[in-house]
Amino acid sequence: MSRRTIVLFAAISILAIALSACGGGAAGSNTSGAAALNVTITGTEFKFDPATINATPGQTINVTLKNTGSVEHTLVFAPANFKMLVQPGKSDTKSFTAPTAPGTYDIVCDVAGHKEAGMVGKLVVK
Ligand SMILES: [Cu+2]
């Protein structure tokens with residue numbers, strides 16, 4: 001091989017690596033996931049309905065909390081430092097990211113006494 005050929009070959013190799021790295025990145029983001037999950041949860045005294053969210057690891061979760069009760073309610077997901085508060089008769093949408101570790105995590109309403117009254121839910125990641 002002439003020096004020129006070697007340089008050309010090296011350039012093509014680098015280009016090929018760059019392209020495959022790019023492709024790999026795209027494939028990676030496809031596997032992690034999963035389109036965002038849109039869930040609508042009704043909050044009232046004293047429960048979430050549905051009380052269970054099923055998500056995949058690292059999935060973006062867009063939560064719409066509709067408060068159909070007569071007092072304010074929150075939806076708190078501590079592992080993601082996530083909290084939303086919705087006044088009675090209102091609804092709001094916010095997003096958080098599911099943990100990357102599979103498992104079952106607690107969702108609570110942290111208004112005083114609500115969790116104890118049964119206003120709890122689960123996020124199942126698998
Ligand atoms: Cu509540």
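Trainee: What is the mean pLDDT of the chain?

Mentor: The model is predicted, and confidence is given residue by residue. Of the residues in the chain, 74% reach a pLDDT of 70 or more. Over residues 6-31, however, the pLDDT is below 50, and beyond near neighbours in sequence this stretch has one contact in the model. The mean pLDDT of the chain is 84.

Trainee: In what order do the elements of the chain run from the N terminus on?

Mentor: The chain contains one helix and nine strands. The helix α1 covers residues 3-32, and a loop lies between α1 and β1. From the N terminus on, the order is α-β-β-β-β-β-β-β-β-β.

Trainee: Which strands stand at the edges of the open sheet of four strands?

Mentor: The order in this open sheet is β2-β1-β4-β7, and the pairing is mixed. Each edge strand has a single partner strand, so one side of each is left without a neighbour in the sheet. On average, neighbouring strands of this sheet are turned by 30° against each other, direction ignored. The edge strands are β2 (47-49) and β7 (91-97).

Trainee: In which sense do β1 and β4 pair, parallel or antiparallel?

Mentor: The pairing involves residues 37-44 of β1 and residues 60-67 of β4, over seven bridges. Leu37 has Ile61 of β4 as its bridge partner, and Thr42 stands opposite Lys66 in β4. The sense of this pairing is parallel.

Trainee: Which residue in β2 is the bridge partner of Thr44?

Mentor: A hairpin joins β1 to β2 through two residues. These strands pair in the antiparallel sense, over three bridges. Within β2, the bridge partner of Thr44 is Lys47.

Trainee: Does Ala34 count as buried, partly exposed or exposed, and what is the reason?

Mentor: Ala34 lies in the loop between α1 and β1. Apart from residues up to four places away in sequence, Ala34 touches Thr56 and Gln59. A residue needs 20 or more other C-beta atoms within 10 Å to be buried, and 12 or fewer make it exposed. Because Ala34 has 14 C-beta neighbours inside 10 Å, it counts as partly exposed.

Trainee: How far apart in space are Ala34 and Thr60, C-alpha to C-alpha?

Mentor: In sequence, Ala34 and Thr60 are 26 residues apart. For the chain as a whole, residues 24 or more positions apart account for 58% of the contacts with a separation of 6 or more. The C-alpha to C-alpha distance between Ala34 and Thr60 is 8.4 Å.

Trainee: With which residues is Leu123 in contact, leaving aside its neighbours within four places in sequence?

Mentor: Leu123 is among the core residues that touch the most other members. In soluble globular proteins, nonpolar side chains tend to be buried together. The contacts of Leu123 are Ile53, Ala55, Phe77, Ala98, Tyr105 and Ile107.

Definitions and conventions
Residues numbered from 1 in each chain as written. Predicted model: local features only at pLDDT ≥ 70, side-chain atom pairs only at ≥ 80, totals over all residues. Pairing = 2+ DSSP bridges. Axes fitted to C-alpha atoms, helices over the stretch in contact; angles between N-to-C directions. Contact = placed C-beta atoms within 7 Å. Core = buried A, V, L, I, M, F, W, Y, C linked by C-beta atoms within 7 Å. pLDDT = per-residue confidence, 0-100.
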